[in-house]
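Keep the structure open while reading.

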Amino acid sequence: MGVVSPQGTIKNEFPVTETYIYMNHAGVAPLSRRVQDAMTGFIQDATVNGAVNSDQWAETAEVCRAAAAQLINADTTEIAFMKNTTQGILIAANGIDWREGDNVVTTAVEFPANIYPWWSLKERYGVQTRMVPERDGCIHIEDIASEIDARTRALTISHVEFASGFRNDIQALGDLCREHDIWFIVDAIQSLGAIKVDVKSCNVDILAADGHKWLLAPEGAAIFYCADEKREQLINTNVGWSSVVNPRDFLNYDLTQKPDATRFEEGSYNSVGLYGLKAAIDLLLDIGIPTIEGRVLELTKRLIGGLEAKGYRVNTPKKDSDRAGIVIFESDRHTPTEIYEKLLAKNIITAERGSGVRVSPHFYNTSSEVERLLEVLPDL
């Protein structure tokens with residue numbers, strides 16, 4: 001694991017480590033030097049040259065698209081860029097051809113970005129949202145299956161649940177969706193960049209993930225995937241000037257949409273964000289997702305063991321296959337705010353979530369940083 005050694009160049013890629021033990025990648029991640037360099041390079045170009053080099057901006061976006069496709073085992077024709085995860089989920093929720101009495105299945109522990117777009121369908125179309133509760137901190141596939149019936153049109157779920165750290169088995173869920181011939185939509189913001197995501201083997205129809213968490217990219221630059229075979233079945237409710245086949249022939253109005261996922265990109269890019277996203281994905285691909293996943297699971301396993309040894313209650317599942325980079329723990333003696341602030345006072349960055357504290361280390365964090373976090377926590 002020398003590539004993520006504290007003495008190696010990877011740790012030096014993250015200036016945040018000079019001041020903090022940063023373990024809030026499930027919230028907003030810090031940027032690497034190469035991401036900073038890419039974004040400041042774009043800003044310098046735009047400042048000095050205006051849009052003279054705009055062709056290069058467009059080329060960079062296409063290189064980024066190819067890198068994003070590689071990251072999730074997709075084709076470039078299936079990738080579009082969004083401003084956030086929510087926009088991608090909205091495209092899915094608003095684009096399915098609903099009928100009154102239809103339903104969508106999700107969980108009762110989703111981040112609101114994966115709830116409100118579906119709830120809003122009830123008033124407009126009479127679509128019911130069925131919310132499967134967790135049991136013992138886990139979502140059980142049989143519970144999801146029991147909610148699917150002849151009027152179910154979609155299953156939408158987070159790959160990794162933000163408030164527990166539970167990793168859903170999206171391969172099994174994808175098989176379940178194929179069996180019932182329903183849409184499978186995945187919110188991958190808490191997994192993409194930390195663990196393997198393969199849209200083809202998991203039969204994912206639509207995936208959305210912003211860059212500012214485990215992808216280590218800036219906010220406002222998100223990946224959207226729509227399977228080629230499902231694209232024509234999805235109504236594009238946000239057709240804009242850039243959605244059509246002749247976007248630069250401004251006065252030759254033609255509503256014919258582009259033949260690939262770029263039809264969902266209704267207007268101009270967040271170019272500086274895409275420069276950052278490209279650099280961030282390149283870093284992850286250089287290291288390799290299998291290496292990153294192994295390191296993240298190693299750090300979280302060490303963290304879980306140390307927390308339990310000190311008497312804290314760990315809410316996140318223990319099995320490697322049931323978790324990713326998030327660990328949630330709590331105490332009957334100390335409030336989440338007390339624990340969070342005690343860690344913050346020592347420049348250890350975590351987050352309060354519900355009745356617990358959420359710790360989310362990434363591959364460049366070290367075992368010694370985990371030990372330092374455990375050392376700062378009081379014994380119970």
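**Helix and sheet packing**

Helix H2 (residues 33–49) packs against H10 at an angle of about 155°, and their axes are 8 Å apart. The model is predicted.

**H2 with H10**
- At an angle over 145 degrees, H2 and H10 are therefore roughly antiparallel to each other.
- The crossing of H2 past H10 is right-handed.
- H2 brings Arg34, Val35, Ala38, Met39, Phe42 and Ile43 to the contact.
- H10 answers with Ser271, Val272, Tyr275, Gly276, Ala279, Ala280, Asp282, Leu283 and Asp286.
- By class, the residues of this H2–H10 contact are ten nonpolar, two polar and three charged.

**H3 with H10**
- Helix H3 (residues 54–72) packs with helix H10 (residues 271–287) at about 40°, with the axes 9 Å apart.
- H3 and H10 are therefore oblique to each other.
- H3 makes a left-handed crossing with H10.
- From H3, the contact takes in Gln56, Trp57, Thr60, Ala61, Val63, Cys64, Ala67, Ala68, Gln70 and Leu71.
- From H10, the contact takes in Ser271, Leu274, Tyr275, Leu277, Lys278, Ile281, Asp282 and Leu285.
- The contact of H3 with H10 divides into twelve nonpolar, four polar and two charged residues.

- Seven strands form an open sheet with mixed pairing.
- Their order across the sheet is E2-E8-E7-E6-E5-E3-E4.
- From one strand to the next, the twist averages 20°.

**Strands E7 and E8**
- Strand E7 (residues 206–210) and strand E8 (residues 222–226) run antiparallel.
- Five bridges join E7 to E8.
- Ile206 stands opposite Cys226 in E8.

**A helix on the sheet**
- Helix H8 (residues 170–180) lies across two strands, E5 (152–158) and E6 (183–187).
- H8 runs at about 155° to E6.

How values were computed:
Residues numbered from 1 in each chain as written. Predicted model: local features only at pLDDT ≥ 70, side-chain atom pairs only at ≥ 80, totals over all residues. Heavy atoms only, no water. Pairing = 2+ DSSP bridges. Helix = DSSP H or I, 4+ residues; strand = E, 2+ residues; numbered from the N terminus. Axes fitted to C-alpha atoms, helices over the stretch in contact; angles between N-to-C directions. Contact = heavy atoms within 4.5 Å. Parallel < 35°, antiparallel > 145°, perpendicular 65-115°, else oblique. Left-handed = near helix turned anticlockwise from the far one by under 90°. Nonpolar A, V, L, I, M, F, W, Y, C, P; charged D, E, K, R; others polar.
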